[in-house]
Amino acid sequence: KDYESLKLDLIKFFEGNEQPMEAPVIPKSKGLLHYLKKTNIHIIQETPANWKDAVKQAGQALLETGSITKHYVEQIIHQTQQYGTYMFIVPGLMLAHGRPEDGCNRLDVSVTMFKEPVAFSEKQQASVIITLAVMDQESHLNILKDIMTVFSIDERVKAIVDFDTAEKVFEYMKKIING
């Protein structure tokens, strides 16, 4: 209900100015576990040639389901080139997303783990890319809340990457989200 306050709190958190916070309960939207299908969890053994290829691989599951268009992935790459690595929410984790008008057909999410971290800059590497297809400014907020619940502790990125099956990744996230 207080979008601007939430936005400011998230900015402060991502800039490292605040400790992890309790996210408000946002009614009428479903969380990460509702949208994340095990078929949208991918473990990549081979290191991509570059970060652009990593973003393309991470977006592939949502492209195949029709949740996003190729333009959506291209916009993620363009935004990363233009604005830098602002989509990194914790070390090792990129939350790849575009705007609804960039080619999002429905709210959806995928998780891609790379056994070897992918360099995006001298300071940022991704072992996990979560691709989030957003339809508007609000419907995905419970998904973001769940992502922050899972990854608010840095060591969880490494834990996720160490799993060898989508089932184990899903069950790990489920255990953390459901307490």
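**A predicted fold in questions and answers**

Trainee: Which radius of gyration does the protein have, and which would a compact globule have?
Mentor: The radius of gyration is taken over C-alpha atoms, and the globule rule is 2.2 Å times the number of residues to the power 0.38. With 179 residues, a compact globule would come out near 16 Å, which agrees with the protein's 15 Å. This is a predicted model: local features need pLDDT of at least 70, side-chain atom pairs count only at pLDDT 80 or more, and totals for chains, interfaces and linings use all residues. Residues are numbered from 1 along each chain as its sequence is written, and side-chain values use heavy atoms, leaving out hydrogens and water.

Trainee: In what order do the elements run?
Mentor: Helices (H or I, at least four residues) and strands (E, at least two) are DSSP runs, numbered from the N terminus. The protein has 7 helices and 5 strands. From the N terminus on, the order is α-α-β-α-α-β-β-β-β-α-α-α.

Trainee: How do α3 and α4 pack?
Mentor: Axes are lines fitted to C-alpha atoms, for helices over the stretch in contact, and angles run from 0 to 180 degrees between N-to-C directions. Helix α3 (residues 51–65) and helix α4 (residues 70–83) have axes 9 Å apart, at an angle of about 150°. Angles under 35 degrees count as roughly parallel, over 145 as roughly antiparallel, 65 to 115 as roughly perpendicular and the rest as oblique. Therefore α3 is, relative to α4, roughly antiparallel.

Trainee: Which residues of α5 and α6 make the contact?
Mentor: Helix α5 (residues 141–151) and helix α6 (residues 155–162) cross at roughly 90°, and their axes come within 8 Å. That makes α5 roughly perpendicular to α6. Contact means heavy atoms within 4.5 Å. On α5 the residues are Thr-149, Val-150 and Phe-151; on α6 they are Arg-156, Val-157 and Ile-160.

Trainee: Why is α5 described as largely enclosed by the rest of the structure?
Mentor: Buried means under 20% relative accessible area, exposed over 50%, partly exposed in between (1.4 Å probe, protein chains only). Among the buried residues of α5 are Leu-141, Ile-143, Asp-146 and Met-148. Helix α5 is largely enclosed because the buried count is 9 of the 11 residues.

Trainee: What share of the residues in the protein is buried?
Mentor: The C-alpha trace spans about 40 × 35 × 30 Å along its principal axes. Of the 179 residues, the buried share is 45%.
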